[in-house]
Amino acid sequence: MNLKLTYSKNDLYEVELPENDLDLWNAFREGNQNALAHIYQQYFFKLYNYGKKIHEDEEVVKDCIQDLFIYVWKNRKTLSPTTSIKYYLFKALRRSIVDHLKKKQAFEVKSASFLHFEFEWSTEDKLVQFELDEEKKKKLLSCLNKLPKRQKEALFLRYYENLSPQEVSSIMSLNTDSTYVLLSKAIKSMRHYMQELISIGLPILLLFK
């Protein structure tokens, strides 16, 4: 059976599907193609936004997302239930990108410390809710990108994607204590940059609500 997926957000499927993740995922696992299409359309741009932050090649990111959905569809009967589809897909995508980079390196990489992570101004980002001019956007992104990349990734997953510390830990292959330390350091650093952010009129604490 051929699986055909698109990147469009506009092709909505007029079918009634479960609203909660557990039942929607189970419908998908049972072979409901409309459930697959709904999950794909709901999460493609979130996955792409995350993937582009950890790897700069957008074609590789798109290929990894496409391969991920083909894989989960083909192996749907053996997949475990989940109450958080986003967590499941984010974790799988990160692993897919890491595996791709390991193969490209042509030698064994023992950690994902080589991953790129950079905040960008994207219409899919939570940052878009702030009506800032281009200069203010640049200053905000500059402050965020002063953070070490692991802190940036933890910050993004926890506060932008609203994943739990435990889910962040699992996605980043860390223990929970290490995740809390990363988040604490990231917020402390952002407070250090607070004066610069206040100067552009941005209520930075809103970023971490």
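1. S96 is partly exposed because its relative accessibility is 22%, where buried means under 20% relative accessible area, exposed over 50% and partly exposed in between, with a 1.4 Å probe and protein chains only. This residue sits in helix α4, residues 85–105, helices being DSSP runs of H or I with at least four residues, numbered from the N terminus. Between S96 and G51 the C-alpha to C-alpha distance is 9.9 Å, although they are 45 residues apart in sequence.

2. Please keep in mind that this is a predicted model, in which local features need pLDDT of at least 70 and side-chain atom pairs count only at pLDDT 80 or more, while totals for chains, interfaces and linings use all residues. Residues are numbered from 1 along each chain as its sequence is written, and side-chain values use heavy atoms, with hydrogens and water left out.

3. The whole structure holds four salt bridges, each being a side-chain nitrogen of Lys or Arg within 4 Å of a carboxyl oxygen of Asp or Glu. One of them joins K46 to E161 at 3.4 Å, N to O; K46 lies in helix α2 and E161 in the loop between α6 and α7, so the pair ties together parts that are 115 residues apart in sequence.

How values were computed. Helices (H or I, at least four residues) and strands (E, at least two) are DSSP runs, numbered from the N terminus.
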